[in-house]
Amino acid sequence: VSAAAAVVSLVGAGPGDPDLLTVRAVRRLREAEVILHDRLLDPAVLDLARPDAVRIDVGKGPGESWTQERINALLVEHGRAGRRVVRLKGGDPFLFGRGREEVDALVAAGLAWEVVPGVSSALAGPAAMGVPVTHRRVAATVTVVTCSRAAGEADPDWDALARLGGTIVVLMGAAARAEVGRRLVAGGLSPEVPVAAVTNASRPDQRVVHGRLADLGSLPIEAPAVIVVGEVARYAACAAEAAALAAA
Ligand SMILES: C[S@@+](CC[C@H](N)C(=O)[O-])C[C@H]1O[C@@H](n2cnc3c(N)ncnc32)[C@H](O)[C@@H]1O
């Protein structure tokens, strides 16, 4: 679908800092008449929209009644009315964002759509800690995994991940971190492997912690966080040391 013909745009909002929006995302925000946005969104991003744009918070917080079906129906309703609709989603719309489910609803309704990729927290999180997800001779692969599962969906194969090694980036894993650490060590990964985590990456309240895989469960990690397991995570420790030196 060409961008010019799109009625509904699924737009990646990046990890939080408005400076990390793409040029196209900003353009779509400025054109939008209706914006359906996630909860985990920096208000500064929404400030880029027209003052008269209708902003709808469809965040699925605890106790919220916004089902995916209701969001899909609202996208279709505004799209059918011919409004320029932006569905603003954290990070990249197609990484653990149920983006394709929304596209399927638009396709079924015969509406024109597009996806504007965003800077995913899976990459921006590690970058905020100075951690490269791949590094020559250190990590040749990177696997992005989530601890969040739909009912009936199988758990990730932690044994296979432990065998593969490389870099493991865990999203939505703060609450399950002890289990992640335990499963990876049970799968054969060394308890000494470095880990690092960033909460609220790119935001003013960004927080980084680091340690060993064996200690993952006891590290103070609050959601929303990106956890990195693998040799590259030691660069987070380097960054912390450099910051401490600079402050001294
Ligand atoms: C439903 S997933 C959506 C991921 C999103 N589509 C992306 O590409 O970043 C939400 C998870 O993304 C991660 N996340 C998103 N923004 C973050 C940020 N600014 N700092 C740390 N983690 C973040 C957290 O793991 C959070 O639980």
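Reader: Where does Val142 lie?
Author: Val142 is in strand 6, which covers residues 142-146. Keep in mind that this is a predicted model.

Reader: OK, now the inside. Which residues touch the most other members of the largest nonpolar core?
Author: Those are Ile168, Leu184, Leu189, Leu213, Leu216, Ile221 and Val229, in a core of 21 residues. Helix 6, strand 7, helix 7, strand 8 and strand 10 each supply at least two residues of this core.

Reader: What is Ile221 in contact with, leaving aside neighbours within four places in sequence?
Author: Ile221 is then in contact with Ala174, Arg177, Ala197, Thr199, Val209, Leu216 and Ile227. Another core lies apart from the largest one; it has 18 residues, including Leu10, Val34, Leu106 and Trp113.

Reader: Switching to helix 1. Which of its residues are buried?
Author: Ala25, Val26, Arg28 and Leu29 are the buried residues of helix 1, which runs over residues 23-31. They line one face of the helix, because seen down its axis they fall within an arc of 165°. Val23 and Arg30 are exposed on the other side.

Reader: What do the buried ones pack against?
Author: They pack against strand 1, strand 2, helix 2, strand 4 and strand 5.

Reader: You listed Arg28 as buried. Which residue does its side chain meet in a salt bridge?
Author: Glu31, with N to O at 3.5 Å. Both lie in helix 1, three residues apart, about one turn of the helix. Residues three or four places apart in an α-helix point the same way, because there are 3.6 residues a turn.

Reader: How many salt bridges does the count come to?
Author: The count comes to 15. One of them joins Arg39 and Asp57, with the closest N and O atoms 3.1 Å apart. Arg39 is in the loop between strand 2 and helix 2 and Asp57 is in strand 3, so the pair ties together parts 18 residues apart in sequence.

Key:
Residues are numbered from 1 along each chain as its sequence is written. This is a predicted model: local features need pLDDT of at least 70, side-chain atom pairs count only at pLDDT 80 or more; totals for chains, interfaces and linings use all residues. Side-chain values use heavy atoms; hydrogens and water are left out. A nonpolar core is a set of buried Ala, Val, Leu, Ile, Met, Phe, Trp, Tyr and Cys residues joined through side-chain atoms within 4.5 Å. Buried means under 20% relative accessible area, exposed over 50%, partly exposed in between (1.4 Å probe, protein chains only). Helices (H or I, at least four residues) and strands (E, at least two) are DSSP runs, numbered from the N terminus. Contact means heavy atoms within 4.5 Å. The arc is that of the directions from the helix axis to the C-beta atoms. A salt bridge is a side-chain nitrogen of Lys or Arg within 4 Å of a carboxyl oxygen of Asp or Glu.
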